[in-house]
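Have a look first, then read on.

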Amino acid sequence: MGLGVHSYVSGALFAIAWWIFVDGKVTSSVKYEFVMWLPGLLGTLGFVMINMTKPSDFNSESSVFSQDTSVNAKVWFFFSILVSFVSIIAGIWIQVDKDDGSGNQWAGVSLIFQTMFLLLSSLTFWFGRAEPSDA
């Protein structure tokens with residue numbers, strides 16, 4: 001795949017993620033409070049944080065305690081992935097918390113799908129930015 005195709009696929013996944021959220025909000029009878037926006041906002045923050053590094057930043061073989069920029073990039077990438085996984089966990093938590101037993105669970109399930117699509121979009125864009133010598 002060319003370098004541009006990854007950005008289109010990533011953008012499509014990002015748009016699908018937010019479309020799923022909007023669909024969950026529109027079709028559900030559950031009242032959306034601010035807490036239901038948090039997983040998507042955290043996932044979007046994770047997207048930005050992940051893509052502030054690039055795969056070529058990880059080429060150095062340095063220790064955790066050195067002052068090399070590759071170590072800083074690795075630590076930043078770790079916390080970026082952590083933020084993305086926290087958004088997925090928050091989506092699951094809200095799904096379980098908002099389940100009222102009525103059978104309509106799409107509002108919570110849409111949050112889980114949204115955060116997973118945001119993480120997938122983040123990683124697609126990140127790996128797509130790899131230079132041919134990095135891949």
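Helices here are DSSP runs (H or I) of at least four residues, numbered from the N terminus. Keep in mind that this is a predicted model. The chain averages a pLDDT of 86, and 86% of the residues score at least 70. Confidence is lowest in α3, at a mean of 90, and highest in α2, at 95.

Let's start with the helix pair. α2 (residues 38-50) packs against α4 (residues 106-128) at an angle of about 10°, and the axes are 9 Å apart. Angles under 35 degrees count as roughly parallel, so α2 is roughly parallel to α4. On the α2 side, the residues that meet α4 include Gly 40, Gly 43, Gly 46 and Phe 47. Among their partners in α4 are Leu 118, Leu 119, Phe 125 and Trp 126.

The structure holds one cavity of 30 Å³ or more, and about 50 Å³ of space lies in the largest cavity. Val 30, Gln 95, Lys 98, Asp 99, Asn 104, Gln 105, Ala 107 and Gly 108 line it. α3 (69-98) and α4 each supply at least two residues of that lining.

| Contact of α2 with α4 | seven residues | eight residues | no residues |

Methods: Residues numbered from 1 in each chain as written. Predicted model: local features only at pLDDT ≥ 70, side-chain atom pairs only at ≥ 80, totals over all residues. Heavy atoms only, no water. Axes fitted to C-alpha atoms, helices over the stretch in contact; angles between N-to-C directions. Parallel < 35°, antiparallel > 145°, perpendicular 65-115°, else oblique. Contact = heavy atoms within 4.5 Å. Nonpolar A, V, L, I, M, F, W, Y, C, P; charged D, E, K, R; others polar. 1 Å grid on protein atoms, 1.4 Å probe; cavity = no way out; pocket = protein on both sides within 12 Å on 5 of 7 lines; lining within 4 Å. Points joined across faces, edges and corners; volume = space filled by probe spheres on them. pLDDT = per-residue confidence, 0-100.
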